[in-house]
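Hi everyone, thanks for making time for this. Please bring the sequence and the structure up on your screens, and I'll walk you through them.

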Amino acid sequence: MPASRRHHRALAVFVHCLGILAAVPALPTVAPEPAAPEVTAPRAAAPPATAPRAAAAPPGVLRAAAATPTPTPTGTAATPAAPAPPPLVSPSVVVPTRGAASAVTVLVTPAGTPAPGYQVQVRNASSMAVATTVRQELPPGTSATWVTPGGRTSRSATTTEVTWQLRLPARSTTTLHTALTTAAPGRALSAPACAFAAGGDRPYDCATATWDRSPVPAAQATDAPAWRRPAALLAALAGVLLLTAAGLWWWQRRRRARATAGPTGPGAGSAGAGIRAAGAGTVYAGTGAGSAGMGAAAAPGGAGGPPRPVPPVAVGRRRRPPVWLVVGAAVAVLAGVVLAATVTATRRVAAIDTTKQPSSGAWVGTSTTGVVGVPLREQALEFTVYRVACPSTPSVAGRQCQATVGVRNLTPEQQTWHGEMQRAYLPGGTWVSVDEAATRLANQGRDVFGQPLAAGSRLVLPLVFTVDDGDRPEQLELRSGVFSAGVRVDVP
């Protein structure tokens with residue numbers, strides 16, 4: 001073998017052996033099967049005698065032996081360790097938030113009195129007594145004339161609030177009453193009420209009701225004029241087209257009837273003569289044997305006679321509608337289409353509100369504006385702002401205004417909402433988003449935006465907005481997604 005190949009082969013064998021040696025420690029070690037429990041005492045003491053051999057064994061064998069269960073004493077069976085239960089939900093699966101059922105619930109109903117009034121029912125469904133603080137915010141421009149004993153009325157520069165400190169017995173219902181007076185009678189008034197944890201701002205539940213003494217029946221609502229309703233315009237256009245088609249059919253039928261009847265009356269002969277003179281042709285009786293036969297057949301009794309002309313045949317011609325009728329129908333159709341498009345575009349343009357603040361991504365749905373205590377629905381979610389409270393003394397981080405908001409998912413599928421899209425507009429025209437860190441702290445460490453809302457679920461939670469000193473939000477903008485028009489709530 002040439003020398004150039006011998007040292008190559010030796011090097012290849014050496015490298016191959018190194019690879020085998022490197023792969024041996026990585027092989028999985030197989031633990032020996034545990035021996036059956038011994039019955040006799042002398043054999044039960046055998047494992048200590050084998051300890052020196054185990055000490056002399058390789059490290060891999062030592063690890064395998066340490067992993068094997070130790071034999072139990074005589075007469076007892078080995079109890080295997082219970083395996084750890086698998087997780088109920090995979091970490092990659094996002095579980096939608098449904099909101100735990102609160103032990104304290106609130107129901108507000110308007111009182112059937114001539115003056116504005118409300119009835120607040122606070123129910124404790126738990127098996128133990130609960131201390132709670134009930135706050136009811138009164139509508140702007142109203143004042144309380146009578147409240148259930150124990151209620152304290154507090155008035156600020158912008159709002160008026162009635163507060164009760166209650167201790168609800170187990171499985172009980174407490175009813176509170178509020179009577180108001182207003183300077184504008186006949187106006188619909190909404191007064192939300194919330195039950196909070198005693199000494200805090202964490203809401204158990206909230207509810208609202210609207211008192212309206214003179215509701216307007218739906219039948220008395222005035223509709224838009226007929227010329228501004230697309231359905232009426234389309235119906236009128238269809239009627240015009242139907243009448244035009246009926247007129248054309250009637251006109252065609254009359255023309256065909258006249259053409260089929262032909263000329264009648266005293267001038268019929270002269271009309272026929274005129275047609276023959278125009279070149280219709282005349283057949284005359286000839287002479288000769290052949291013509292004589294023809295003449296005999298033509299004239300009964302063998303008597304000859306004058307030539308008989310062939311009667312003219314009326315040639316029917318297809319009648320076409322006049323040009324003015326076709327052009328008129330086309331103009332009418334075009335005018336109807338242009339009118340419908342113009343009315344639709346005018347309504348779309350008139351629906352644009354130029355006084356609204358600029359909003360990013362408001363493309364789907366129609367934006368709704370309301371006041372505190374009125375449920376407002378947008379594309380997927382229903383928002384209700386029950387209370388907006390700003391402390392009189394700002395903190396180190398700024399003035400934190402807390403809004404108690406109810407969110408209800410009315411769609412048959414889960415919905416996701418984001419803290420960056422919930423905004424508070426300030427008097428200067430600027431806006432701030434939700435302070436997510438402060439909101440998580442107000443919700444006892446729970447990230448309310450981290451999980452989607454389950455279908456049909458409802459949450460009542462506080463949202464915190466950090467504003468500058470001395471500022472108070474004038475309007476809140478709440479929405480489910482980037483492309484949702486959202487709702488706007490005017491803050492008094």
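Let me start with a term: helices (H or I, at least four residues) and strands (E, at least two) are DSSP runs, numbered from the N terminus. By that count, the chain has ten helices and 20 strands.

Two housekeeping points. This is a predicted model, where local features need pLDDT of at least 70 and side-chain atom pairs count only at pLDDT 80 or more, while totals for chains, interfaces and linings use all residues. Residues are numbered from 1 along each chain as its sequence is written, and side-chain values use heavy atoms, with hydrogens and water left out.

Now, the chain as a whole. Of its 492 residues, 27% are buried, meaning under 20% relative accessible area, with exposed being over 50% and partly exposed in between (1.4 Å probe, protein chains only). Take the contacts (heavy atoms within 4.5 Å) with a separation of 6 or more: 71% of them join residues 24 or more positions apart.

On to the cores. A nonpolar core here is a set of buried Ala, Val, Leu, Ile, Met, Phe, Trp, Tyr and Cys residues joined through side-chain atoms within 4.5 Å. The largest one has 30 residues, and among those with the most contacts inside it are Phe383, Trp417 and Phe465. Which elements give two or more residues to this core? They are β14 (381–389), β15 (399–409), β18 (458–467), β19 (475–478) and β20 (487–490). The largest share, five residues, comes from β18. Have a look at Phe383: leaving aside neighbours within four places in sequence, its contacts include Val374, Val405, Trp417, Leu478 and Val487. There is also a second, separate core of 23 residues, including Val122, Leu166, Leu180 and Trp211.

Thr142 lies in strand β4 (residues 142–147). Is Thr142 buried or exposed? It is buried, because its relative accessible area is 5%. A polar atom of the Thr142 side chain lies 2.6 Å from the backbone oxygen of Pro139.

Last stop: helix α1 (residues 3–23), where you'll find Leu11. In general, nonpolar side chains in soluble globular proteins tend to be buried together. Leu11, though, counts as exposed because its relative accessible area is 53%. Thanks, and I'm happy to take questions!

Key:
Polar contact = N/O pair within 3.5 Å; in protein donor to acceptor, adjacent residues only side chain to side chain.
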